[in-house]
Amino acid sequence: MMFTRSAIRFLSLISVFAAALALSGCLTQQRTQGYDISEDNLAQVRPGVSRQLVEFVMGSPQSKNTFGDEEAYYYVETKIEQTAFGLKNVKERTVVAVYFDKKDRVVDKAVYSLEDGRLVETVSRKTPGFGQDRSFVQQLLGSLSL
């Protein structure tokens, strides 16, 4: 069976596309940043247990916060997919907040996911300063008063 030149080009283009698609799966890496929070560990953290048990089961918290007589521990697990080219994509995020009373006993816990988060816009405006914006060389030459 004889193929035309355009059919051969089309088949070679399809094979290159299929090879690129197959290789793209090999170029990504999935990893976990922060804590590896398991359901078994979460089940052990319940109201009434001590702070020492929480630290034994979950580990040291990533962050602590104090609200009057109460304190909170935060554990964050982030699952990231990273390509071989350094591009990162957050696939899943879990934040566990454990709240303690003044007797170091768990009052409550909350589990938040990526969907519970909010995006915060950063402001890129510059605050104007006095004088002129000059480079290092301009400042150096200006201080010599030439």
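**Close-up views of the predicted model**

View 1. Glu81 lies in strand E3 (strands are DSSP runs of E, at least two residues; helices are runs of H or I, at least four; both are numbered from the N terminus). The model is predicted: local features need pLDDT of at least 70, side-chain atom pairs count only at pLDDT 80 or more, and totals for chains, interfaces and linings use all residues. Residues are numbered from 1 along each chain as its sequence is written, and side-chain values use heavy atoms, with hydrogens and water left out. The side chain of Glu81 makes a polar contact of 3.2 Å with the side chain of Gln30 (a pair of N or O atoms within 3.5 Å; within protein, one must be able to donate a hydrogen and the other to accept it, and residues adjacent in sequence count only if both atoms are side-chain atoms). The side chain of Glu81 also meets that of Lys91 in a salt bridge, 3.9 Å from N to O (a side-chain nitrogen of Lys or Arg within 4 Å of a carboxyl oxygen of Asp or Glu). This pair links distant parts of the chain: Lys91 sits in strand E4, Glu81 in strand E3, 10 residues apart. Lys91 is partly exposed, at 46% relative accessible area (buried is under 20%, exposed over 50%, partly exposed in between; 1.4 Å probe, protein chains only). With neighbours within four places in sequence set aside, Glu81 is in contact with Thr28, Gln29, Gln30, Leu87, Lys88, Asn89 and Lys91 (contact means heavy atoms within 4.5 Å).

**View 2. Thr78, a buried residue of strand E3.** Thr78 belongs to strand E3. Its relative accessibility is 6%, so Thr78 counts as buried. The side chains of Thr78 and Arg93 are joined by a polar contact of 3.3 Å. Arg93 is also one of the contacts of Thr78 outside four places in sequence; the others are Arg31, Thr32, Gln33, Val90 and Glu92.

**View 3. A salt-bridge network of Arg51, Glu71 and Asp104.** These residues are linked through salt bridges. The count for the protein comes to 3 salt bridges. One of them joins the side chains of Arg51 and Glu71, at 3.1 Å from N to O. Arg51 lies in helix H3 (residues 51-58) and Glu71 in strand E3, so the pair ties together parts that are 20 residues apart in sequence. Asp104 also meets Arg51, side chain to side chain, at 2.5 Å from N to O. Asp104 lies in the loop between strand E4 (88-100) and strand E5 (106-113), and Arg51 in helix H3, so this pair ties together parts 53 residues apart in sequence. How do the two ends of that pair compare: is Arg51 buried or exposed? Arg51 counts as buried, at 9% relative accessibility. Asp104 is partly exposed, with a relative accessible area of 32%.

View 4. Strand E2 (residues 63-67) and strand E3 (residues 70-83) run antiparallel, joined by 5 bridges (strands pair if DSSP finds at least two bridges between them). Thr66 has Glu71 as its bridge partner in E3. Glu71 is also the salt-bridge partner of Arg51. The hairpin has 2 residues between the strands, and Gly68 takes a positive phi near 65 degrees.

**View 5. The hairpin of E4 and E5.** These strands also run antiparallel, with 7 bridges between them. Phe100 has Val106 as its bridge partner in E5. The hairpin has 5 residues between its strands. Which residue in the turn has a positive phi? Asp104 does, at about 60 degrees. Asp104 also belongs to the network with Arg51 and Glu71.

**View 6. A nonpolar surface patch.** Phe136, Val137, Leu140, Leu141 and Leu144 make up the patch, with about 530 Å² of accessible area together (patch members have over 30% relative accessible area and no salt bridge; like charges are joined within 9 Å, and nonpolar side chains, Val, Leu, Ile, Met, Phe, Trp or Tyr, within 5 Å; areas follow the Shrake-Rupley method with a 1.4 Å probe, and for residues only the protein chains shown count as cover). Leu140 is found in helix H4 (residues 136-144). Leu140 is partly exposed, with a relative accessible area of 45%.

**View 7. The whole protein, for orientation.** The protein has 4 helices and 5 strands. From the N terminus on, the order is α-β-α-α-β-β-β-β-α. Of its 146 residues, 18% count as buried. The protein exposes about 12000 Å², and carbon and sulfur atoms supply 56% of that area. Among contacts with a separation of 6 or more, 45% come from residues 24 or more positions apart.
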